[in-house]
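Here is a short walk through one structure.

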Amino acid sequence: MKSTVEQLAKIGIFTSLNQTELERLQEHTAIRSYRQGEVVMYEGDRIPEKLYTLLSGSLRVAKTAAAGKETILRTLFQGDIFAAPALLGNGIAPATVTAETDVEVLTTEREVLLAAIRENPEIALRILAVFNQRLQQLHDTVHGLVSERAIVRLARFIHYFGVEQGTKIADNSVCLEKRFPYYQIARTIGITYEECVRLFKKLKPFVSYSRGGKIIVLDWEKLEDIASGNEID
C-alpha cells in the first residue's frame, strides 16, 4: 500500500516540499504494518536501499552483545526515520528493530529520494540534522555510562521521556504518557533489573512506579535536580 500525500507532508524532513514534489515521492512509497512484538529488521540483515520512517506506534532499537546481553539503544516514535545504513552506509542493519506496539512503517525508494534532494537540498540537511542528533545522544549515553551514577541516568531517562513524549495530570501529579517496564529501563541505561527496582525505591519520595510501567513524577523540580547530578537529600 502506498502512502498518501497527506501522510508524507506530516513527516518532518518533507515539510518543505510542495504538492507536486510530494505527489512524485508518493508514487515510490510503501507502507507495511507490523504487529506488537514482530521484528522489523534483525541486526546484521542486509536492508533494501530505502528511507525508513515510522508512521505510527513505537519501535525498540537494540543490540545484542556476544555474551547475549541486550542493550536498548533508543525508542522510536511517530515521524522518526531509522536504518541510516540503507541510505548512507553499507546497507547492513546495525541493530534489531522490534515493534513495541502495532506499527506502520513507511519506506521511500532511495533513488527517488536522491532525485528529490537534488531539487530540494533542504531534505538532506534535515536528514543529516536527525542523524547528527542521534550521534550526540549516543555520545551522551556512552559518557553517562562511564561517568554518571546510575540514579542520575535513571532520572535523566524519566525526564527525557516526560519532555519528549508528553505527560498528563493524574491525581494532581505528572504522569508519563508512555509506560516502561523495569527491564526496558534497565537495558536502556545499562543496569540490571534488580538495580532498577532498587533505584525506583530510592526515588520513591519524588517518583512513583506502579504495575504496568506507569511512572508518576511527584516532584518534577527534584527530579530535574537529580538528573543534573545532585545528591538525594
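Helices here are DSSP runs of H or I, at least four residues long, numbered from the N terminus. The model is a predicted one. Side chains of opposite charge can pair when their charged atoms come close. A salt bridge needs a side-chain nitrogen of Lys or Arg within 4 Å of a carboxyl oxygen of Asp or Glu. By this rule the count comes to 10 salt bridges. Three of them follow.

Helix 5 covers residues 122-147 and holds both arginine 126 and glutamate 122. The two are 4 residues apart, about one turn of the helix. They form a salt bridge, and their closest N and O atoms are 2.7 Å apart. Arginine 126 is partly exposed, at 28% relative accessible area. Glutamate 122 is partly exposed too, at 34%.

Now look across the chain. Glutamate 70 pairs with arginine 187 in a salt bridge, with 2.6 Å between the closest N and O atoms. This pair links distant parts of the chain, 117 residues apart. Glutamate 70 sits in strand 5 (residues 70-76), while arginine 187 sits in helix 7 (residues 182-189).

Which residue forms a salt bridge with lysine 178? The partner is glutamate 100, and the closest N and O atoms are 2.9 Å apart. Lysine 178 lies in the loop between strand 10 (173-176) and helix 7. Glutamate 100 lies in the loop between strand 7 (96-99) and strand 8 (103-109), so the pair ties together parts that are 78 residues apart in sequence. Both lysine 178 and glutamate 100 are buried.

Conventions
Residues numbered from 1 in each chain as written. Predicted model: local features only at pLDDT ≥ 70, side-chain atom pairs only at ≥ 80, totals over all residues. Heavy atoms only, no water. Buried < 20%, exposed > 50% of the residue type's maximum accessible area, 1.4 Å probe, protein only.
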